[in-house]
Amino acid sequence: MSNSSKYANTITGFLNIYKEAGFTSFDVVAKLRGILHQKKIGHLGTLDPDARGVLPVALGKATKAISLLEDHTKAYDAVMLLGVDTDTCDTSGNVVFKAAKEVMEGITPEDISRALMWWKGDHEQIPPMYSAKKIGGKKLYELAREGIEVERTPEKIHIDDIIISKIEFPQVYFHVECSKGTYIRSLCHDVGKSLGCGGTMSSLLRTRAGTFSIDNSVRLSELEDYIFQFGMEKMCSDKILPIWEAFSDLPSYNVKEESTKKAKNGNYLTTYDIVEQLFEENNTCKIFYGKNKFLGIYEKSGNNFYPRKVLAE
């Protein structure tokens, strides 16, 4: 039996893909379907074609966990170009505004820092027209390409931190950690607007998405080379992360052997069903059964554990 037929439609877990510029997130999924000979694949958190960095990809049963991971925070390294506005809010678009020389000369590093740091915390942000967000069943970028601009409702976002690494005027290099739904392109536009000079994003690198870090991400070309050199089985053991690793920040509990059937049937559990240990207060947690077999994600409330998603291996 060939490697491709042996592993067809059997791989479950996550791949931490480094998406390169020029690929859409859908391109990555389509390419992986060909590499892995598997249809059931999905990704977490869309990246623009020009953006690079972490794109977590779910395989097989792991696709059921995507909805539980979408709210995880993300981190980016970005570059903002001041003095210019474009229709896409990044440098791939058409210039619609350029600041006068005297306006640019009046902007200080302190002004830039103040304008960026204002965005730390809770805010509302209007999604850009060139985005994958849907309104009326149609993606905004599809409407934008037709020359249609629609009113967008501001979305609540949270920015945990912004760190400016350097300013090489008119370019500003910064790191941002933020909630789901935060558009860094819109952030650059809004900062430029507050400075009165316009601003657009010239570079974006996602360095983290939830527990997935750029440090252990893999490029599609590297994945193909690895399979060619070592085979599909070794690639699966070395590169595919088990579902539970995507939730490594959550506490773990183990089901007693006599409660395994009850748990796998999707019933709620009590502390009496869990191997005796110290319990944290109400929380979201991972639950295992048998010899380190992942059961799923549960919500602990009082002495009970309610299933959010049963993902028994």
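Colleague: Which residue is the bridge partner of Ala78 in β11?

Modeller: The partner is Phe174. This is a predicted model, in which local features need pLDDT of at least 70 and side-chain atom pairs count only at pLDDT 80 or more, while totals for chains, interfaces and linings use all residues. Residues are numbered from 1 along each chain as its sequence is written, and side-chain values use heavy atoms, without hydrogens and water.

Colleague: What makes β4 and β11 a pair?

Modeller: Strands (DSSP runs of E, at least two residues) are numbered from the N terminus. Two of them pair if DSSP finds at least two bridges between them. β4 and β11 have eight, in the antiparallel sense, so they meet the definition. β4 also runs antiparallel to β12, with nine bridges; Val79 is bridged there to Ser203.

Colleague: Why is β4 called mostly covered?

Modeller: Eight of its nine residues are buried, which means under 20% relative accessible area with a 1.4 Å probe, protein chains only.

Colleague: What makes a set of residues a nonpolar core?

Modeller: Its members are buried Ala, Val, Leu, Ile, Met, Phe, Trp, Tyr and Cys residues joined through side-chain atoms within 4.5 Å. The largest such core has 28 residues, and Phe174 and Ile184 touch the most other members. α7 (184-195) is among the elements giving two or more residues, and its five are the largest share.

Colleague: Which residues does Ile184 contact, beyond neighbours within four places in sequence?

Modeller: With contact taken as heavy atoms within 4.5 Å, they are Tyr76, Ala78, Phe174, Val176, Cys178, Met201 and Leu204.

Methods:
Buried means under 20% relative accessible area, exposed over 50%, partly exposed in between (1.4 Å probe, protein chains only). Helices (H or I, at least four residues) and strands (E, at least two) are DSSP runs, numbered from the N terminus.
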